Amino acid sequence: MPELPEVETVMRGMRASLEGHRITSAVARRPDLRWPLPKNLTTILNGRRIESFRRRGKYIFMRLSGGMSMLLHLGMSGRVTLNASDDVTLHEHVTFTTEEGRRFGLIDPRRFGAIDLVPTNEEESHRFVATMGPEPLSPAFTADTLAESLAGRRSPIKAMLLDQRVVAGLGNIYVCEALFRARIHPATPAGSLTKPAIRRLVHAIRAVLTEAIAAGGSSLRDYVQPDGELGYFQHAWRVYGRAGQPCPECSKGKGKEACPGIIKIMQSGRSTFFCPRQQPEPAQS
């Protein structure tokens with residue numbers, strides 16, 4: 001599933017291509033994706049000017065004239081195309097065109113994505129985002145706020161970071177990468193982290209997300225940028241998907257022969273990748 005950097009990249013592509021344009025036609029080729037589409041979707045879109053865009057977690061809000069926003073979630077296989085072609089792509093379920101000649105298409109083969117309508121001034125109360133934690137790249141995400149969310153929690157730190165109520169937008173790839181950079185074992189009980197470890201973790205989360213956005217996200221399976229280009233951050237992964245390969249940090253220094261390389265384990269049905277030397281297992285209490 002696209003995570004924060006991929007969704008941010010899509011949102012920026014939509015903003016560059018569509019902001020300020022007026023929608024002249026909209027088509028929905030099926031009544032639902034993961035959930036039913038709003039019955040008045042095409043009527044609401046037609047004639048509206050696209051005012052601005054905003055990302056919240058893994059969701060995109062396209063703000064329209066008249067105080068309405070279209071919420072977009074890409075799901076597991078959704079992607080956006082932005083071009084001037086009239087050709088309809090396979091699995092392109094929603095399309096709209098603008099009077100300036102731009103065309104938006106939502107392609108979603110597995111139909112796990114979502115589109116909804118919400119008054120712009122009620123975006124934060126929408127059921128998909130109402131309980132979300134702070135944005136990890138915002139000033140609201142600090143070591144103090146994260147420590148408060150983790151206090152007393154015995155769940156593994158990886159599971160806590162995947163909880164959108166703790167921090168918005170993180171997924172499996174970037175949590176694995178951030179924990180590696182912060183030198184924290186993914187099974188560490190969240191409430192046992194020291195303040196210095198939490199500060200390292202906040203810094204690592206910010207750094208890995210910033211680098212990933214600059215690289216256009218990570219292209220894995222279905223994800224491409226709106227202009228059809230691939231993201232490139234997958235080439236910078238240090239642990240994710242690298243089971244059995246040498247640890248990039250251990251390989252630099254002495255004692256690299258003592259490192260078994262990157263290990264893969266399963267946590268709550270999700271693959272976790274880490275280096276046992278750089279991220280030692282927490283002591284048993």
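Analyst: Welcome! Contact here means heavy atoms within 4.5 Å, and with that in hand we can look at helix α5 (residues 172-182). What covers its buried residues includes α1 (4-18), α4 (157-162), α6 and β10 (270-274). The model is predicted: local features need pLDDT of at least 70, side-chain atom pairs count only at pLDDT 80 or more, and totals for chains, interfaces and linings use all residues. Residues are numbered from 1 along each chain as its sequence is written, and side-chain values use heavy atoms, leaving out hydrogens and water.

User: What makes α5 mostly covered?

Analyst: Eleven of its eleven residues are buried, among them Tyr174, Glu177, Phe180 and Arg181. Buried means under 20% relative accessible area, exposed over 50%, and partly exposed in between (1.4 Å probe, protein chains only).

User: Why is phenylalanine 128 called buried and tryptophan 35 partly exposed?

Analyst: Phenylalanine 128 has 13% relative accessibility, under the 20% limit, so it counts as buried. Tryptophan 35, at 32%, falls between 20% and 50%, so it is partly exposed.

User: Why is the pair of tryptophan 35 and phenylalanine 128 called tilted?

Analyst: Rings of Phe, Tyr and Trp (its six-membered ring) pair if their centres lie within 6.5 Å; planes under 30 degrees apart are stacked, over 60 edge-to-face, the rest tilted. These two centres are 5.0 Å apart with 35° between the planes, so the pair is tilted.

User: What does that pair tie together?

Analyst: Tryptophan 35 lies in the loop between β1 (23-28) and α2 (41-45), and phenylalanine 128 in the loop between β8 (114-119) and α3 (143-150), so the pair ties together parts 93 residues apart in sequence. Ring pairs also link Trp35, Tyr59 and Phe128 into a cluster.

User: How do you know that the charged end of arginine 127 sits over the ring of tryptophan 35?

Analyst: A charge sits over a ring if NZ of Lys or CZ of Arg is within 6 Å of the ring centre and within 35 degrees of the ring normal. Arginine 127 is 5.4 Å from the centre of the tryptophan 35 ring, and arginine 183 lies over the face of phenylalanine 180 at 5.0 Å.

Conventions: Helices (H or I, at least four residues) and strands (E, at least two) are DSSP runs, numbered from the N terminus.
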